[in-house]
Amino acid sequence: AVRLSADLGWQNARTTAPDWTIVPSGAVIPDAPDGTSGLVQPWSWMETRDAFVVLGAEVDLSETWTAYAKGGYAHTETEGVYTEMTGLQANGDFTWNAYSFPSGGDHTSLEAGLRGGVEAAGLRHDLVLSASYWDQRLSTSRSGRLATGSSNLYAPVYGPAPTGSILMLDDLGRTGRNTFSSLAFADTITALDDRLVLTLGGRWQKIKTANYARNTRYDESRF
């Protein structure tokens with residue numbers, strides 16, 4: 001028998017005036033403002049776009065053995081302009097700064113394996129052998145300050161939107177990459193009419209990462 005599966009999805013979401021209020025460490029925490037007032041600038045925005053596909057297949061090689069494989073791909077994008085709070089005072093005064101924050105990624109995953117069972121010498125062995133691979137390619141950054149102003153928790157002051165160019169995802173190259181790969185096996189041994197169960201197994205894992213912006217790299221493997 002052969003079993004096939006597919007899962008696809010797409011999403012586009014835009015948020016106006018996303019509330020990304022950040023209270024600096026050590027800042028005085030004043031009384032909470034009226035919940036109906038917005039602390040961020042009304043022209044700030046965030047838009048995310050996501051698309052993915054996952055395909056899978058299983059093949060019964062016999063009554064006790066099955067081979068399987070899955071693969072997936074996802075693409076994500078986030079762009080926008082947000083305002084960040086700083087210098088919060090006890091009376092509610094604070095300074096805000098506006099930045100753009102493009103980020104995106106391409107994600108690929110693969111998995112394949114074999115599972116089945118055998119019986120020998122009064123023992124049942126349920127065996128699994130699998131291999132997996134995950135690759136993530138990233139583009140992310142934050143602009144310089146686009147605008148700044150002063151406001152108050154209890155009497156918000158809204159300033160003009162930035163008039164200069166905004167850093168967008170198309171302006172970026174790749175800034176990082178992460179790759180995980182592994183091989184794993186397991187043997188679940190059952191005896192004495194299922195009263196004794198023992199699982200033995202192991203996994204080899206390789207992790208490779210690179211941050212191009214900071215020129216840092218890691219490449220190690222372990223069993």
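This is a predicted model: local features need pLDDT of at least 70, side-chain atom pairs count only at pLDDT 80 or more; totals for chains, interfaces and linings use all residues.
Biologist: β2 and β3: how many bridges join them?
Modeller: 16, with β2 and β3 (residues 65-86) running antiparallel. Strands pair if DSSP finds at least two bridges between them.

Biologist: Which residue in β3 is the bridge partner of Glu47?
Modeller: Glu79.

Biologist: And β1 with β2, in which sense do they pair?
Modeller: Antiparallel, over 15 bridges. β1 covers residues 2-16 and β2 covers 45-60. Asn12 has Arg49 in β2 as its bridge partner.

Biologist: New topic. How much space lies in the largest pocket?
Modeller: About 180 Å³. A pocket is an open set of points on a 1 Å grid where a 1.4 Å probe fits, with protein on both sides within 12 Å along at least five of seven lines; lining residues have an atom within 4 Å of a point. Its volume is the space filled by probe spheres on the points, joined across faces, edges and corners.

Biologist: Which strands each supply at least two residues of the lining?
Modeller: β6 (123-140), β8 (176-191) and β9 (196-211). The lining includes Leu138, Arg177, Asn178, Thr209 and Arg214.

Biologist: How do the lining residues divide?
Modeller: Three nonpolar, seven polar and two charged. Ala, Val, Leu, Ile, Met, Phe, Trp, Tyr, Cys and Pro count as nonpolar, Asp, Glu, Lys and Arg as charged, the others, Gly among them, as polar.

Note on methods: Residues are numbered from 1 along each chain as its sequence is written. Side-chain values use heavy atoms; hydrogens and water are left out. Helices (H or I, at least four residues) and strands (E, at least two) are DSSP runs, numbered from the N terminus.
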